[in-house]
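Have the viewer open as you read.

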Amino acid sequence: MSVTLPMYLDHAATTPCDPRVVEAMMPYFTETFGNPGSRNHSYGWAAEKGVSTARQQIADLIGADSKEIIFTSGSTESNNLAIKGAANMYAKKPAGETGRGHIITAIHEHKAVLDPCKRLEKDGFDVTYLAPGPDGLITRAMIEDALREDTILVTIMWANNELGTINEIPEIGELCHSKNVVFHTDATQWVGKMPTNVKTDNIDLLSLSGHKMYGPKGVGALYVRRRKPRIRLTALQEGGGQERGFRSGTLNVTGIVGLGKACELCAQTMDDERERLLVLRNELESKIENALDVVQVNGARDRRLTHITNISFGFVEGESLMMAIKEIAVSSGSACTSASLEPSYVLKALGVGDDLAHSSLRISMGRWTTKEQIDYAADKIIEAVKKLRDLSPLYDMHNEGIDISKIEWAAH
Amino acid sequence: MAYGEKVIDHYENPRNVGTFGTQKEIKESAEIGVGLVGAPECGDVMQLQIKVNDSTGVIEDAKFKCFGCGSAIASSSLATEWLKGKSLDEGLEIKNTEIVEELSLPPVKIHCSVLAEDAIKAAISDYKAKHNN
């Protein structure tokens, strides 16, 4: 068995560009470099042609019309534009007043959704942050219970970035449409992995990002529904009126061409890829679960994207675990590595105890992940957990039958 | 997090890992003092045990176990090395700043050294408490 190190198993953070994407982009740096806004010469027309092909490729991947695609710098911008843009457009009262309308989201959304919502709270809107069940899911019933007369917007991610869990998006969309509430979904992790049809899935606004699906960083898109209902947004940035006024600024033509190509490739490969990665993930999880006690796979096991797994290893601390497997690139559920000692707020939202939340790894596979890599990673992780448990006073106590939660710890 | 060489050395080859018995045995042994500090929800727990020669008052052996990041493991490993051969009073003089300096800990990891100092103090006071009764 031979694998090359370091090994990348963090595809939910970002993916490498597919070489076919880079190839498609290349001419747009140096030859077809025109500004698509230049309507009066061939340089502009050629660039515009590239953008329009990409717009169609993206629309095809998600079942949209190409006129409904707005290019952005990525999902963070798409989320900001969707959430702030819709809230301000559909506000019940003008800026400066309170009671401007009600928004529903969830506590374990990405920060790029939560922080715009917090901003809107300061700007006079009410926001309900739903808590998921222990399975991490947000259901139609939860939204139904939270809806109010003055609800103007619901924003729920399609698949969670730390867990891969899949929310009841078409169902929530149907509910929103029946109540005339705008529905936005952050589909950053979902698009390109799972079949998507914004029309039949009842989506009004959808965020997607190039670098999560083998496209370049710094480019993404927002789908904005044009019919039944026609969604309007207040623009965040103003200028040349590009993207039908939703997003001024000269288009990132190279990035857009790359995003389009990435979408086309995902459409071709996602079904096979999904099945292949499911087999690998099952193997990884069963290997680990067979070799170690007190491990927990977080989030609804049967409603997850097939390339992501989030596992907690009892009595082992996440950062030291990452250090022990340092040649394997994964994410830790504990944010200890980023200088604040906070365990993952996503895991906490599921009711995972702080001790287990400190001990979790998110492993996410991708287009070029092999069985050999997964076998190697599983063995390394098992070896590292065993080593660290030999060091762990908590594992000793567990084996001696001492209930760790009953000890009076001196918190510091 | 990029670690210094000494942290990595202690992490990869921790000194004096272990315990002098089960939790119950240690509690009952008069020659052993134990310090258990930190909390699982904070992401680090250190257990430091010292074996003291009753007649000379010298720490003859020390062992640790640690649930925590690489710096926490290195800090407790280093503490056991420094404690061996010291008297109880000398042990109490070990300061977290010396651990920070020896391991070149970055500012965000200073709490690991504080925890190690707390563990030393807790183990020594546990030993002393056993002998005052």
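Start at Y43(A), which is partly exposed, because its relative accessibility is 46%; buried means under 20% relative accessible area, exposed over 50%, and partly exposed in between, with a 1.4 Å probe and protein chains only. Before going on, note that this is a predicted model, where local features need pLDDT of at least 70 and side-chain atom pairs pLDDT 80 or more, while totals for chains, interfaces and linings use all residues. Residues are numbered from 1 along each chain as its sequence is written, chains are lettered from A and ligands numbered from 1 in the order written, and side-chain values use heavy atoms, leaving out hydrogens and water.

Now for the rings. Over all chains there are 4 aromatic pairs (rings of Phe, Tyr and Trp, the last by its six-membered ring, with centres within 6.5 Å; planes under 30 degrees apart are stacked, over 60 edge-to-face, the rest tilted). One of them joins Y43(A) to F33(A): the centres are 5.5 Å apart and the planes make 45°, a tilted pair. F33(A) sits in the loop between α2 (27–30) and α3 (42–62) of chain A while Y43(A) is in helix α3, so the pair ties together parts 10 residues apart in sequence. Helices (H or I, at least four residues) and strands (E, at least two) are DSSP runs numbered from the N terminus.

Another pair is Y214(A) with W368(A), edge-to-face because the planes stand at 90°, with 5.5 Å between the centres. Here Y214(A) comes from the loop between β7 (205–209) and β8 (220–224) of chain A, and W368(A) from the loop between β13 (360–364) and α12 (371–391) of chain A, so parts 154 residues apart in sequence are tied together. Y214(A) is buried at 2% relative accessible area, whereas W368(A) is partly exposed at 42%.

Zoom out to the domains. How much area is buried between domain 1 of chain A and domain 2 of chain A? About 2400 Å², with 61% from carbon and sulfur atoms; that is the accessible area (1.4 Å probe) the two parts lose on being put together, summed over both. Y214(A) turns up again here: with E162(A) and L163(A), Y214(A) supplies 30% of the area domain 1 of chain A buries against domain 2 of chain A, more than any other three residues.
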